[in-house]
Amino acid sequence: MSTQTEQEKVRGWLTGRLPGDWFEGETELSIDRDEILIVGRIPAPEQKQDVSAAERSAAEEGRIKQFREDTRERRIEIARELEHAARRKVAWGVRCGDTRTVFTSLSAPVMTRLRQPERQVLDTLVDAGVARSRSDALGWCVKLVAQHSETWLADLRTAMTKVEEVRKAGPDKD
């Protein structure tokens, strides 16, 4: 989990470094121990109001593909600079209309020790064809928990931010 100060530093750096015509509004920024994910909003293609959902989605996907190709070299350059400064990998994504696409994302190995009941859960998911491996099954479980506990996780993140603020105000502040 990153601290609010890290978020602010990265957001500030990106504000100064990203080309002003790339994104509308503030970028979505997600930081963990391994990776910085930058997701910006680009304008959706102009279309008639009565187009089908499939046509709207295809137009948004086309706009995202165009943005990805047009900005590839600059994104790589900016990512390298930020990776060096922040000592984390950088991933990019775009939101266009209702479509959100992440271009690249780090898949980090996570070591865990599970007792037999937990392993049996993973093996059941593998045996049922829900997942290809225990690793996939564990990833599936984490996604499911995140979906069903987002409010709780948001509250926990807010509480952690408050704890950091109290620590900064403590007697050992610089």
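## Helix H3

Helix H3 has twelve residues, which at 1.5 Å a residue should span 16 Å, and this agrees with the 16 Å between its end C-alpha atoms. The expected span is 1.5 Å times one less than the number of residues. Helices (H or I, at least four residues) and strands (E, at least two) are DSSP runs numbered from the N terminus. After H3 comes glycine 129, with a positive phi near 85°.

## Basis of the model

The model is predicted: local features need pLDDT of at least 70 and side-chain atom pairs pLDDT 80 or more, while totals for chains, interfaces and linings use all residues. Residues are numbered from 1 along each chain as its sequence is written, and side-chain values use heavy atoms, without hydrogens and water.

## Contact of H1 with H2

Residues Val10, Trp13, Leu14 and Arg17 of H1 meet Arg74, Glu77, Ile78, Glu81 and Leu82 of H2 (contact: heavy atoms within 4.5 Å). Five residues of this contact are nonpolar, none is polar and four are charged; Ala, Val, Leu, Ile, Met, Phe, Trp, Tyr, Cys and Pro count as nonpolar, Asp, Glu, Lys and Arg as charged, and the others, Gly among them, as polar.

## Largest pocket

The lining of the largest pocket comprises 40 residues, with Asp32, Asp34, Val110, Val142 and Arg157 nearest the centre. A pocket is an open set of points on a 1 Å grid where a 1.4 Å probe fits, with protein on both sides within 12 Å along at least five of seven lines; lining residues have an atom within 4 Å of a point.

H5 (150–168) contributes ten residues, the largest share of this lining. The lining contains 16 nonpolar, twelve polar and twelve charged residues.
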